[in-house]
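Hi,

Here is the structure I promised to pass along.

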Amino acid sequence: MATQSPPLLNRGSRKNYFFEPFGRDDMVDGSSAFTLLDTVETYLDSHVDLLQRRLQHHSDRLRSKAEEVLKMRDFSSAGDNVVGNLERDVKAFKLKVSSRMTKLASSWQSAKVVRTREKISFFFGVMSLLFSALIFGLAPQWVHIAYTIQALYLLPLRVYFYKKRAWHYFLFDLCYYVNILNFIYIWLLPQSPTLFVACYCLSHGSLASAVITWRNSLVFHDQDKVTSLFIHIYPPFSFTVIRHYYPDAEERFPALRELQHLNPLRALLLSGGIYLIWQMLYWKFVFVDRREKIESGQRTSSISWLLNSKSSVIGKTLSKISPEGRIPSYMLGQLVYSIVTELPAVFILYDSPFWSGAFLISIFAVSVWNGGGFYIEVFGRKFERELEALRKELAESAQASSLSESSPTIHTLPDDGTTSLQSHQSSSQELLTSLLVEAPSTTTFEDKS
């Protein structure tokens with residue numbers, strides 16, 4: 001029968017049923033209050049003892065292994081030196097292979113994996129070519145508009161990236177000067193015969209021929225190459241359309257009413273005069289005001305790039321001239337080059353739609369050929385050379401490992417040392433074999449591209 005709870009726990013007339021199992025007699029006997037603590041202590045003591053025995057067991061194992069290693073070193077000191085050297089060689093070889101793999105993977109990521117920007121460039125390059133062909137066949141009166149829209153997209157990007165790379169002195173070259181003159185004529189002064197003659201001759205002369213001399217390439221995924229091709233081939237394309245294929249061109253471009261045929265001498269003098277204006281401005285701004293920056297290498301211009309180019313015929317020719325005469329010779333050569341390249345436009349292209357079309361197709365074919373060379377030669381051979389160099393290193397390392405395995409020093413060791421050394425050599429040989437097997441599979445992206 002339950003007893004009444006103590007007054008301290010009751011605090012009222014009602015009973016506290018929570019404490020009813022613990023009567024006064026139970027509370028007086030304190031020995032029963034430590035039953036739970038005794039249980040916990042017993043549990044912990046047993047597990048602590050088990051843990052101590054396990055630690056002791058592991059300690060004994062480690063001590064015995066250490067004694068075996070020390071004993072092995074005492075019996076096979078010479079073999080250990082060979083093993084140590086072999087392990088260091090394997091470690092160095094593994095590090096070298098790892099660095100080469102990392103470098104190859106980095107090259108793959110930077111040059112092979114088409115990033116989002118390159119995909120966008122590829123998309124707009126292909127679509128621009130398609131729309132240009134469609135517009136030319138369906139609505140040639142939109143060609144000069146397409147020329148302007150694409151320039152508004154590509155030229156600001158060219159300015160931004162060239163400024164970022166400290167190449168912005170290239171932006172003062174003749175091609176950008178002529179493109180600006182083209183837009184001034186198309187949108188501001190379409191009634192000026194003088195400006196039309198200069199734009200037509202310079203576009204079909206220096207700009208079109210620059211596709212050949214500067215090796216412009218039709219590489220769709222490279223925005224820089226697409227922009228370079230655009231600023232050289234779209235001006236002659238636009239002015240060929242205006243001259244031969246634009247419906248009622250005299251209404252949109254009144255200057256054509258006075259230019260049914262070109263006077264060759266007058267055309268060359270007008271275009272030459274416009275060219276000389278640019279040449280004087282370029283000489284003052286680049287060769288005089290910025291001469292120190294160019295000579296110090298802080299900035300790069302066309303002439304400094306040509307002089308440093310090993311494959312450029314112009315650069316090789318200029319390098320044979322004294323430094324004082326290079327700039328005058330370069331300017332004179334540009335003037336002669338500009339006049340010579342304008343001769344087909346003045347005497348043939350202006351009066352012949354057929355030869356104008358053939359001229360544009362030939363210039364475009366050169367850019368396509370250069371683009372194919374880039375994709376096949378430059379884009380693929382670089383990784384082929386990397387792969388061949390890596391395979392050569394792997395073969396040399398495997399040969400060195402096989403020679404070290406047959407060394408007579410190993411067979412003079414005691415049994416324990418020989419067994420240990422052979423195990424080290426077999427593991428090293430397995431490592432080299434696995435690397436030789438896995439390396440080609442890691443770089444097979446080059447073969448698939």
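To start with the surface: what share of the accessible surface of the protein belongs to carbon and sulfur atoms? The answer is 63%, out of a total of about 27700 Å². Please keep in mind that this is a predicted model.

On the overall make-up, the protein has 18 helices and zero strands. Of its 449 residues, 37% are buried. Among contacts with a separation of 6 or more, 77% join residues 24 or more positions apart.

I then looked at two helix pairs, both involving α9 (residues 223-245).

Since angles under 35 degrees count as roughly parallel, that is why α7 is described as roughly parallel to α9. Their crossing is left-handed. On the α7 side the contact involves Cys-175, Tyr-176, Asn-179, Asn-182 and Tyr-185, which meet Ile-231, His-232, Pro-235 and Phe-239 of α9. Sorted by class, that contact has six nonpolar and three polar residues, with no charged ones.

The other partner is α5 (residues 116-138): its axis and that of α9 come within 12 Å and cross at roughly 10°, so these two helices are also roughly parallel to each other. Here Arg-117, Ser-121, Ser-132 and Phe-136 from α5 meet Gln-223, Val-226, Tyr-234, Phe-237, Val-241 and Tyr-245 from α9. This contact has six nonpolar, three polar and one charged residues.

Best wishes

Technical notes. Residues are numbered from 1 along each chain as its sequence is written. This is a predicted model: local features need pLDDT of at least 70, side-chain atom pairs count only at pLDDT 80 or more; totals for chains, interfaces and linings use all residues. Side-chain values use heavy atoms; hydrogens and water are left out. Helices (H or I, at least four residues) and strands (E, at least two) are DSSP runs, numbered from the N terminus. Buried means under 20% relative accessible area, exposed over 50%, partly exposed in between (1.4 Å probe, protein chains only). Contact means heavy atoms within 4.5 Å. Accessible areas come from the Shrake-Rupley method with a 1.4 Å probe; for residues, only the protein chains shown count as cover. Axes are lines fitted to C-alpha atoms, for helices over the stretch in contact, and angles run from 0 to 180 degrees between N-to-C directions. Angles under 35 degrees count as roughly parallel, over 145 as roughly antiparallel, 65 to 115 as roughly perpendicular and the rest as oblique. A crossing is left-handed if the near helix is turned anticlockwise from the far one by less than a right angle, and right-handed if clockwise. Ala, Val, Leu, Ile, Met, Phe, Trp, Tyr, Cys and Pro count as nonpolar, Asp, Glu, Lys and Arg as charged, and the others, Gly among them, as polar.
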